[in-house]
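Here are a few notes from my pass through this one. Have a look at the structure first, then read on.

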Amino acid sequence: MAEARKEAEAVMFGAIDELLAKTGVKAKDIGILVVNCSLFNPTPSLSAMIVNHYKLRGNILSYNLGGMGCSAGLISIDLAKQLLQVIPNSYALVVSMENITLNWYFGNDRSMLVSNCLFRMGGAAILLSNRASDRRRSKYQLVHTVRTHKGAEDRSYGCVFQKEDETGRTGVSLSKDLMAVAGEALKANITTLGPLVLPLSEQLLFALTLVARKVFKISIRPYIPDFKLAFEHFCIHAGGRAVLDELEKNLELTDWHMEPSRMTLFRFGNTSSSSLWYELAYSEAKGRIRKGDRTWQIAFGSGFKCNSAVWQALRTINPAKEKNPWMDEIHKFPVEVPRVASIAT
């Protein structure tokens, strides 16, 4: 437990220290705190740990989200957004992380061993503001959040499940149904998101295809809208290679669009809910973000959930002025990641 707390402190405090230094915001000015970590939920909570360390004010609205999987980062963003809509002139601090120390699986169940290969420690801190005076120095504006929960279906609920194996060792089991469940959740999510972001021409094509299939019973493939007309950048949760391959195919994305997600998986592994921010940082470090660009963040999580956030850049990001995890080695990326790699014996 002591080592797990040290890991949490190193990740959270490191990210928050850098954020406060970048923004110049004082800890006492933060009125809302949302922390999410799926597998490590000590008492006192992680949010209390932050309040204590930074001596945040006594009337802070503090929330600690646990057990919500890799999509919890966008749930935290959505919660902060809703709070900022009713609390004027406020700052909201969102901290997304995952803790590995107490959650390594030591058994031999194959469905649980996969998580050992994918998950790594990592974290991100995000500051949101509803102060009009902050617009000129903000990077992005949060345009939309869309949340989809398929937990009412037993297959969806059980496809990512923490349990004990036959020997009593605890681990997270990943079902073979995971990809199918993720596809269904994605379909439901983009059905809600599409009308909010897609141009009218794409919406019309989708509607006509739907009518032809459902009303006239014409045997044609469902029309997949071209989301590249709505977004310049895509941050797809780096859950694993199979997830990225499937979304690249279904959304008809290019290697350029998938590069931030694939390089994040290659360099940092699956850092759970914080992976989306490593991906956005990659695009910033590459100098790709221009004023007005729209970015789609999409994440999947246990339960089963699919969540989206849409951001619009308020200014062009100059990588020379940025400080993020990629800056010291961004010149080395992208790298070629083989589909099959030989293992030396």
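Predicted model: local features only at pLDDT ≥ 70, side-chain atom pairs only at ≥ 80, totals over all residues.

1. Helix 8 covers residues 241-250, and its buried residues include V243, L244, L247 and E248. These four sit on the same side of helix 8, because the arc they cover around the axis is only 130°. Note that a glutamate, E248, is listed among the buried ones.

2. What packs over that side? The cover for the buried residues of helix 8 includes helix 6 (178-197) and helix 9, along with strand 8 (233-236) and strand 9 (294-301).

3. On to F268, which belongs to helix 9 (residues 255-268). Is F268 buried or exposed? Its relative accessibility is 16%, so F268 counts as buried, the cut-off being under 20%.

4. Which residues does F268 touch, once neighbours within four places in sequence are left aside? They are R120, Y278, P325 and W326. F119 is also worth a check: its C-alpha lies 8.9 Å from that of F268, although 149 residues separate the two in sequence.

5. T271 is in the loop that connects helix 9 with helix 10 (275-285). With a relative accessible area of 1%, T271 is buried. Beyond the neighbours within four places in sequence, T271 contacts E98, R120, M121, G122 and Y278.

Conventions
Residues numbered from 1 in each chain as written. Heavy atoms only, no water. Helix = DSSP H or I, 4+ residues; strand = E, 2+ residues; numbered from the N terminus. Buried < 20%, exposed > 50% of the residue type's maximum accessible area, 1.4 Å probe, protein only. Contact = heavy atoms within 4.5 Å. Arc of directions from axis to C-beta.
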